Amino acid sequence: MHLGALIKHGLALALVCVLLSGCGFHFKKASYLPIEMRTIVLNGDDKRAELYELLANDLQQAKVTLVDDIQADKQLVQLHLYRDTLERQTLSLFKNGQVAQYQLAYGVSYRLTRPNQEPIEQRFELYRNYQDDPDNALAKAKELELLLNELRQLASKRIVRELSQL
């Protein structure tokens with residue numbers, strides 16, 4: 001009876017694997033950058049911006065050596081991070097006409113320049129809904145700050161993931 005249960009579990013596991021691979025599911029790969037991107041010159045419009053610092057940290061965690069643009073070699077890959085943007089669009093209003101809910105659009109642009117290749121310009125936006133409450137303005141300001149930090153972290157990880165797929 002023990003052998004029969006083992007066979008059933010093995011068949012069930014094989015069936016799950018076949019179903020998952022058949023639907024297009026893939027485990028998320030780690031963000032390993034190609035060999036030519038293991039040393040990058042990182043520069044940006046605002047080197048003190050939170051996104052810039054997060055990106056530098058995420059690149060270092062991906063085993064990338066960051067080189068200062070002053071001592072950069074022209075044969076190195078260069079990543080230029082443009083200034084990030086945040087736009088708010090009203091989604092709904094309270095009965096008194098005050099804004100009840102916003103949609104936040106966090107935009108990020110960057111340029112990747114590789115030796116002997118055309119530069120690649122990328123832009124993407126991340127969206128979040130944000131409910132406003134004028135009675136709890138201080139708490140909502142803190143919530144907005146936390147949401148922006150989350151968007152910056154997601155954007156940084158997305159840039160590293162996009163670089164790994166080039």
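## A tour from the whole chain to its core

Welcome! The protein chain in your viewer has three helices and six strands. This is a predicted model, so start by colouring it by pLDDT. The chain averages a pLDDT of 85, and 89% of the residues score at least 70.

**Stop 1: follow the chain.** Begin at the N terminus and trace the elements in order: α-β-α-β-β-β-β-β-α. Select residues 2-22, helix H1, which has the lowest mean pLDDT among the elements, 75. Then jump to H2, where the mean is the highest, at 95. As a general rule, where pLDDT is low, the predicted coordinates should not be read in detail.

**Stop 2: show the surface.** The accessible surface comes to about 11,300 Å², and 54% of that belongs to carbon and sulfur atoms. Of the 166 residues, 30% count as buried.

**Stop 3: look inside.** Hide the surface and select Leu 55, Leu 59, Leu 79, Leu 81, Val 108, Ile 159 and Leu 163. In the largest nonpolar core, which has 33 residues, these touch the most other members. Now colour S1 (39-44), H2, S3 (77-81), S5 (99-113), S6 (120-131) and H3 (137-164): each supplies at least two residues of this core. Which element gives the largest share of the core? That is H3, with eight residues. In soluble globular proteins, nonpolar side chains tend to be buried together.

**Stop 4: Ile 159.** Select Ile 159 and display what surrounds it. Beyond its neighbours within four places in sequence, Ile 159 is in contact with Leu 55, Leu 79, Leu 81, Val 108, Tyr 110 and Phe 124.

**Stop 5: Val 108.** Next, move to Val 108 in strand S5. Is Val 108 buried or exposed? Val 108 counts as buried because its relative accessibility is 0%, below the 20% cut-off. Leaving out residues up to four places away in sequence, Val 108 touches Leu 51, Leu 81, Gln 122, Arg 123, Phe 124, Ala 155 and Ile 159. Now select Asp 84 too: its C-alpha atom is 4.9 Å from that of Val 108, although the two residues are 24 apart along the chain.

**Stop 6: Asp 58.** Finish in helix H2 (residues 50-61), where you will find Asp 58. With a relative accessible area of 10%, Asp 58 is buried. Which side chain makes a polar contact with the side chain of Asp 58? The partner is Ser 156, at 2.6 Å. Not counting residues up to four places away in sequence, Asp 58 touches Ser 156, Lys 157 and Val 160.

Methods. Residues are numbered from 1 along each chain as its sequence is written. This is a predicted model: local features need pLDDT of at least 70, side-chain atom pairs count only at pLDDT 80 or more; totals for chains, interfaces and linings use all residues. Side-chain values use heavy atoms; hydrogens and water are left out. Helices (H or I, at least four residues) and strands (E, at least two) are DSSP runs, numbered from the N terminus. Buried means under 20% relative accessible area, exposed over 50%, partly exposed in between (1.4 Å probe, protein chains only). A polar contact is a pair of N or O atoms within 3.5 Å; within protein, one must be able to donate a hydrogen and the other to accept it, and residues adjacent in sequence count only if both atoms are side-chain atoms. Contact means heavy atoms within 4.5 Å. Accessible areas come from the Shrake-Rupley method with a 1.4 Å probe; for residues, only the protein chains shown count as cover. A nonpolar core is a set of buried Ala, Val, Leu, Ile, Met, Phe, Trp, Tyr and Cys residues joined through side-chain atoms within 4.5 Å. pLDDT is the predictor's confidence in each residue, from 0 to 100.
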